[in-house]
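User: I'd like to learn how to read a structure like this one, feature by feature. Could you walk me through it?

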Amino acid sequence: MNMHHRYETVRGSTGRESTISKMLFDLVLACQLIEADVATEEERAGIYDRSDRTYPILAKSLNERYDNLKGTIATLEKRLTERSRHKFTDAA
């Protein structure tokens with residue numbers, strides 16, 4: 001049986017926080033691009049009401065993706081905040 005031990009070092013935790021920060025930056029950028037694509041598609045179709053049955057399928061799909069990315073961003077931000085909080089309480 002392989003026993004893997006995990007020892008979190010200061011360098012390791014900083015690396016993870018840096019990775020999460022980079023991911024957050026990329027996800028926020030992706031959300032901005034999706035917002036622009038949705039606006040373009042709505043303008044092309046001339047339909048802005050998401051409840052309209054003729055609302056563009058592409059815009060619906062992009063909105064779903066946007067919502068999923070926003071959820072991922074919230075989760076990563078929470079994780080980053082918790083790591084920062086733990087770092088300060090562990091240092092005290």
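**Reading the salt bridge and the core**

Analyst: Happy to! Let's begin with one side chain: Arg-44 is exposed, since its relative accessible area is 60% and the cut-off for exposed is over 50%. Keep in mind that this is a predicted model.

User: Which residue does the side chain of Arg-44 meet in a salt bridge?

Analyst: The general idea comes first: side chains of opposite charge can pair when their charged atoms come close. In this structure, the side chain of Arg-44 meets that of Glu-41, with 2.6 Å from N to O. The structure holds one salt bridge.

User: Where do Arg-44 and Glu-41 lie relative to each other?

Analyst: Both are in helix α1, three residues apart, which is about one turn of the helix.

User: Is Glu-41 buried or exposed?

Analyst: Glu-41 is buried, because its relative accessible area is 11% and buried means under 20%. So this salt bridge joins Arg-44 and Glu-41, an exposed residue and a buried one.

User: What does Glu-41 touch, leaving out residues up to four places away in sequence?

Analyst: Glu-41 touches Pro-56, Leu-58 and Ala-59.

User: Now the bigger picture, please. How many helices and strands does the protein have?

Analyst: There are two helices and zero strands. Helix α1 covers residues 10-45, and α2 covers 57-91.

User: And how many residues are in the largest nonpolar core?

Analyst: To read a core, look for buried nonpolar residues joined through their side chains. Here the largest one has 15 residues, and Leu-24 and Ile-34 have the most contacts inside it. Helices α1 and α2 each supply at least two residues of this core, and the largest share, seven residues, comes from α2.

User: Which residues does Ile-34 touch, again leaving out those up to four places away in sequence?

Analyst: Ile-34 touches Leu-62, Arg-65, Tyr-66 and Leu-69. For the protein overall, take contacts between residues at least 6 apart in sequence: 68% of them join residues at least 24 apart.

User: What share of the residues counts as buried?

Analyst: Of the 92 residues, 23% count as buried. The protein exposes about 7500 Å², and carbon and sulfur atoms supply 54% of that area.

User: Which residues form a nonpolar patch on the surface?

Analyst: Phe-25, Leu-29 and Leu-33 do, with about 320 Å² of accessible area together. Leu-29 is found in helix α1. Its relative accessible area is 38%, so Leu-29 is partly exposed and passes the patch cut-off of over 30%.

Key: Residues are numbered from 1 along each chain as its sequence is written. This is a predicted model: local features need pLDDT of at least 70, side-chain atom pairs count only at pLDDT 80 or more; totals for chains, interfaces and linings use all residues. Side-chain values use heavy atoms; hydrogens and water are left out. Patches are made of residues with over 30% relative accessible area and no salt bridge: like charges are joined within 9 Å, nonpolar side chains (Val, Leu, Ile, Met, Phe, Trp, Tyr) within 5 Å. Accessible areas come from the Shrake-Rupley method with a 1.4 Å probe; for residues, only the protein chains shown count as cover. A salt bridge is a side-chain nitrogen of Lys or Arg within 4 Å of a carboxyl oxygen of Asp or Glu. Helices (H or I, at least four residues) and strands (E, at least two) are DSSP runs, numbered from the N terminus. Buried means under 20% relative accessible area, exposed over 50%, partly exposed in between (1.4 Å probe, protein chains only). Contact means heavy atoms within 4.5 Å. A nonpolar core is a set of buried Ala, Val, Leu, Ile, Met, Phe, Trp, Tyr and Cys residues joined through side-chain atoms within 4.5 Å.
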